[in-house]
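This briefing looks at helix packing and at aromatic side chains. Please keep the sequence and the model at hand while reading.

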Amino acid sequence: MPRTNEELVTECETNYKTLRNHVLGILISFKWWEAEAKALGIRADEQKVATEFTRFRKEQYGSVVKYQNYLRRTKQTLADSYLRMRIDLLTLGLSKHFLSQGKAAFVRYMQQFPKEWAAKTVCQPQDLVPNCKKYKGSTAPEARI
């Protein structure tokens, strides 16, 4: 049986809100990682990001043309890729920092990190996601970072 226009609109709204909340959660977590790394003196300068990105692109895609095709297909930008590489380098630095203090320190850090930063994160009412201190929804594992 074909769905009604109202059902399609409702599904579209639900999908949009789900995607928006997912992306907000990712962007919020990126800000957390950046702030945590900065507080510990861990840096990923632009030269390091560019070098690692170039290495990654060559390993994963071979040619610039293949990578550009990937960007077009996924509707991403080069800036998106650089941001992800920068965050990857920062989180790698954070992992190394805490692992140097022992596995228990690393595990404790990974358990406390989302709680500490969520308590510091304020979202607008329309943007409440699991990573905000005012969020009251599900805290199932898939809702957390």
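Which residues form one aromatic cluster? In this predicted model, the cluster is made up of W32, W33, F98, Y109, F113 and W117.

**Aromatic pairs**
- The count of aromatic pairs comes to eleven, and one of them is the stacked pair of W33 and F113, whose ring centres are 4.1 Å apart and whose planes stand at 10° to each other.
- Because W33 belongs to helix 1 (residues 5-39) and F113 to helix 5, this pair ties together parts that lie 80 residues apart in sequence.
- W33 counts as buried, with a relative accessibility of 13%, and F113 likewise counts as buried, with a relative accessibility of 3%.
- Y61 and Y70 form a tilted aromatic pair, with 5.1 Å from centre to centre and 35° between the planes, and both of these residues are buried.

**Charge over a ring**
- K120 lies over the face of W117, at 4.2 Å from the ring centre, and W117 is itself one of the residues of the aromatic cluster.

**Packing of helix 4 with helix 5**
- The axes of helix 4 (residues 78-99) and helix 5 (residues 103-120) come within 7 Å and cross at roughly 135°, which means that helix 4 is oblique to helix 5.
- On helix 4 the contact is made by L94, S95, F98 and L99, and on helix 5 by A105, F106 and Y109.
- Of the residues in this contact, six are nonpolar, one is polar and none is charged.

Note on methods:
Residues numbered from 1 in each chain as written. Predicted model: local features only at pLDDT ≥ 70, side-chain atom pairs only at ≥ 80, totals over all residues. Heavy atoms only, no water. Axes fitted to C-alpha atoms, helices over the stretch in contact; angles between N-to-C directions. Helix = DSSP H or I, 4+ residues; strand = E, 2+ residues; numbered from the N terminus. Parallel < 35°, antiparallel > 145°, perpendicular 65-115°, else oblique. Contact = heavy atoms within 4.5 Å. Nonpolar A, V, L, I, M, F, W, Y, C, P; charged D, E, K, R; others polar. Phe/Tyr/Trp six-rings, centres within 6.5 Å; stacked < 30°, edge-to-face > 60°. Buried < 20%, exposed > 50% of the residue type's maximum accessible area, 1.4 Å probe, protein only. Lys NZ or Arg CZ within 6 Å of the ring centre and 35° of its normal.
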